[in-house]
Amino acid sequence: MSRNPLVDLGSAEFLDNFRRSIDEFDSARLPQEPLSREGLRKLVDLGIYLPAIPREYGGRESHQEMCEVIEIMSERNLPLGMYTMIVTVLFLRNVASSGDDALKEEVFDDFRRNPVIGGLAFTEPSSGSNLARMQTTYHDDGDTYRITGTKHWQAFSEQADWWIICAKHPERKEFAYFAHRRSDGGFVTTEVYDSLGLKNLGYGLNTLDLSVPRHYRLTKSRESLGDAAEILCGSRFSKAAMASGFLRRLSTESLRHVNSRKIGDGTLHDIDYVRYKVSRIKQNYVVCNALYRHLMLAEDYYSDLENSMFASLATKVLASEFMLESAIDYQQLCGGEGYRTGAPDNIAAYAMLDARVYTIFDGTNDLLCQHLANLFLREFQRSGLRSPLEFIGRFGYLEDAFCHLTDINLSHIADAPSQEKIVILGRILSRIYGISTLQKASQATAPCTRLAVDDADYPKAIAVLKNEIIGLVNEYELAGRLAGTPTASGPLRPHATTVTFDSKVGMRQ
């Protein structure tokens with residue numbers, strides 16, 4: 001096996017070389033269509049897949065580099081950040097963790113050498129977000145497994161060379177996961193979707209009638225859809241990397257735009273509310289930067305992520321909502337030109353279209369908020385504690401937020417909430433998780449200078465999240481009133497109606 005010289009570079013040199021070499025893939029320049037093989041060839045030659053390939057198969061095997069490549073690419077081109085994540089986190093990661101040795105040899109040799117693509121085939125037209133209702137089945141057929149069914153909304157539907165396919169046993173509630181090489185036949189794209197955004201990824205409808213060798217079955221052994229949930233943890237965590245890169249760019253470009261846009265004798269930046277909107281985009285970036293630091297330093301794509309379910313859900317909800325909010329604000333700041341695809345001085349139209357889908361894909365945020373809240377409520381009930389705030393102070397992923405929440409009345413958020421309140425509770429918890437990651441980031445050194453933020457921005461970002469929690473707590477109460485159910489013990493209003501900040505607020509000494 002010939003050795004790629006990029007494997008021997010230090011991490012900083014490898015990443016700097018990658019960052020300097022991807023200008024042509026900028027979303028302001030790249031056509032809004034599936035990436036060409038020539039373009040992918042250039043990215044492969046830059047080592048875009050190497051961090052996701054184990055060292056024994058000629059890769060760099062680095063969780064942090066996987067994160068950074070996704071973050072760097074998302075700053076240049078958000079759809080290509082998603083592109084990179086799907087191939088590395090969803091496809092290559094799972095071959096590395098669960099593939100047969102012969103399958104690993106075949107897959108990793110192909111991805112080291114060639115401009116090939118790997119995708120994930122889970123969702124189906126008839127089942128929506130409920131994977132348990134999938135109709136794609138697998139049958140033991142001697143030396144092979146036969147898989148039949150229909151899948152849709154697969155990125156790279158027409159382009160992918162490799163797939164990981166989820167199918168269920170026709171008689172038992174058992175699910176299995178199989179690699180498949182498209183050139184072996186049986187995976188046919190019957191319709192290409194005209195998606196509103198992320199046009200570089202190429203979505204469609206696919207019919208499956210194929211056979212795979214027995215060693216193409218991945219060694220997943222959790223009951224029901226437990227392995228699918230673990231696989232999606234990686235994807236949901238990756239939204240922190242994508243949001244960090246994307247919002248760094250929006251923050252930079254929105255500030256540049258308002259400083260250069262002439263209004264009378266001054267610029268847009270002279271308007272108070274404009275400066276506030278620019279600041280909000282920046283603080284949203286600071287929050288997502290903290291989420292990203294947690295992913296880089298406290299999680300590991302090369303490990304099983306099942307026990308990080310809560311953090312992955314909170315990350316996806318918060319990062320995707322801040323991406324969309326910031327894209328809307330950026331488009332507003334750009335005015336009419338922000339509504340124009342191909343505008344010469346901004347990417348606001350593409351940013352808005354591409355960011356919109358993040359609250360929907362990988363499970364809609366409303367569904368994920370329910371899951372997030374139910375995880376919290378289950379652990380709260382097990383704790384035997386009576387105060388949700390006290391439990392937050394002991395719950396690993398939230399405990400660092402405790403000191404910032406004592407002036408908000410959270411006493412009734414766990415009192416057998418109705419379904420609509422559970423969704424709102426999930427959104428509250430995502431913001432509390434964001435505060436916790438900000439608190440940790442404020443006490444640590446940035447993993448690299450590019451990710452450093454001004455210390456004064458941490459209390460501002462925490463203030464943003466606290467005010468969102470206050471609004472959501474009141475919405476929690478309103479949901480009960482609109483549904484005609486009485487509140488448990490008076491209005492759930494915060495003790496303090498205003499959140500202020502200064503350079504010392506919330507920073508533990």
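**Confidence, core, cysteines**

Over residues 488-509 the pLDDT stays under 50; pLDDT is the predictor's confidence in each residue, from 0 to 100. For that stretch the model has 50 contacts beyond four places in sequence, a contact being heavy atoms within 4.5 Å. Where pLDDT is low, the predicted coordinates should not be read in detail. Across the chain the mean pLDDT is 92, and 95% of the residues reach 70 or more.

Some ground rules. This is a predicted model, in which local features need pLDDT of at least 70, side-chain atom pairs count only at pLDDT 80 or more, and totals for chains, interfaces and linings use all residues. Residues are numbered from 1 along each chain as its sequence is written, and side-chain values use heavy atoms, with hydrogens and water left out.

Now the core. The largest nonpolar core has 168 residues; such a core is a set of buried Ala, Val, Leu, Ile, Met, Phe, Trp, Tyr and Cys residues joined through side-chain atoms within 4.5 Å. Helix H8 (residues 309-334) gives this core its largest share, 15 residues; helices are DSSP runs of H or I, at least four residues, numbered from the N terminus. Among the residues with the most contacts inside the core are Tyr49, Leu92 and Phe111. Leaving out residues up to four places away in sequence, Phe111 touches Tyr49, Leu92 and Trp162, among others.

Last, the cysteines. How many disulfides are there? The count is 0, taking a disulfide as a pair of cysteine sulfur atoms within 2.5 Å. The closest cysteine sulfur to that of Cys233 is in Cys67, 14 Å away and too far for a bond. Cys448 is in no disulfide either, with the sulfur of Cys67 the nearest at 11 Å. Cys233 is buried at 0% relative accessibility, while Cys448 is partly exposed at 21%; buried means under 20% relative accessible area, exposed over 50%, partly exposed in between, with a 1.4 Å probe and protein chains only.

Terms used: Helices (H or I, at least four residues) and strands (E, at least two) are DSSP runs, numbered from the N terminus.
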